[in-house]
Amino acid sequence: MAASSRAQVLRLYRALLRESQRFSSYNYRTYAIRRIRDAFRENKSIKDSEKIEELVNKAKANLEVIRRQAECPSLQEVIDSFISLPCTESYYWPAVFHAEIGY
């Protein structure tokens, strides 16, 4: 592997680990870090430059996914916020729908 390619892979590895630290959930954070470390260890012996380029592109796409996921609140927080809403007819669309059409 060329020195510049090695440096690029190391920068990508560090960026993935750094972004994974931003997950608020301990479980997501530790899972992401473990998967990143395992994937890089598993592929460290690859010499084929095309395969390396393919893996680098895949890692870049995963980095963008991690960045988006770390910025968004977790799905569980969204679900909890909906569960805590008061249960009235205005939140129940069929009742509103039926009232509008006269049923």
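Helices here are DSSP runs of H or I with at least four residues, numbered from the N terminus. With that settled, I placed Arg 22 in the loop between α1 and α2. I kept in mind that this is a predicted model.

**Entry: Arg 22**
Next I looked up its partners: setting aside neighbours within four places in sequence, Arg 22 is in contact with Arg 67, Ala 70 and Glu 71. Ala 70 sits 48 residues away from Arg 22 along the chain, yet their C-alpha atoms are separated by 5.7 Å.

**Entry: helix α3**
That took me to α3, residues 49-71. I checked its length: 23 residues at 1.5 Å a residue should span 33 Å, and the end C-alpha atoms are 33 Å apart, which agrees. Then I listed its buried residues and found Ile 52, Val 56, Ala 59, Leu 63, Ile 66 and Ala 70.

**Entry: the core**
Which residues of the largest nonpolar core touch the most other members? Of its 16 residues, I found Leu 12, Leu 16, Phe 23, Ile 36, Val 56, Leu 63 and Ile 66. The elements giving two or more residues to this core are α1 (3-20), α2 (26-42) and α3, and α3 provides the largest share, 6 residues. I finished with Ile 36: leaving out residues up to four places away in sequence, Ile 36 touches Tyr 13, Leu 16, Leu 17, Ser 20 and Ile 66.

Note on methods. Residues are numbered from 1 along each chain as its sequence is written. This is a predicted model: local features need pLDDT of at least 70, side-chain atom pairs count only at pLDDT 80 or more; totals for chains, interfaces and linings use all residues. Side-chain values use heavy atoms; hydrogens and water are left out. The expected span of a helix is 1.5 Å times one less than its number of residues. Buried means under 20% relative accessible area, exposed over 50%, partly exposed in between (1.4 Å probe, protein chains only). A nonpolar core is a set of buried Ala, Val, Leu, Ile, Met, Phe, Trp, Tyr and Cys residues joined through side-chain atoms within 4.5 Å. Contact means heavy atoms within 4.5 Å.
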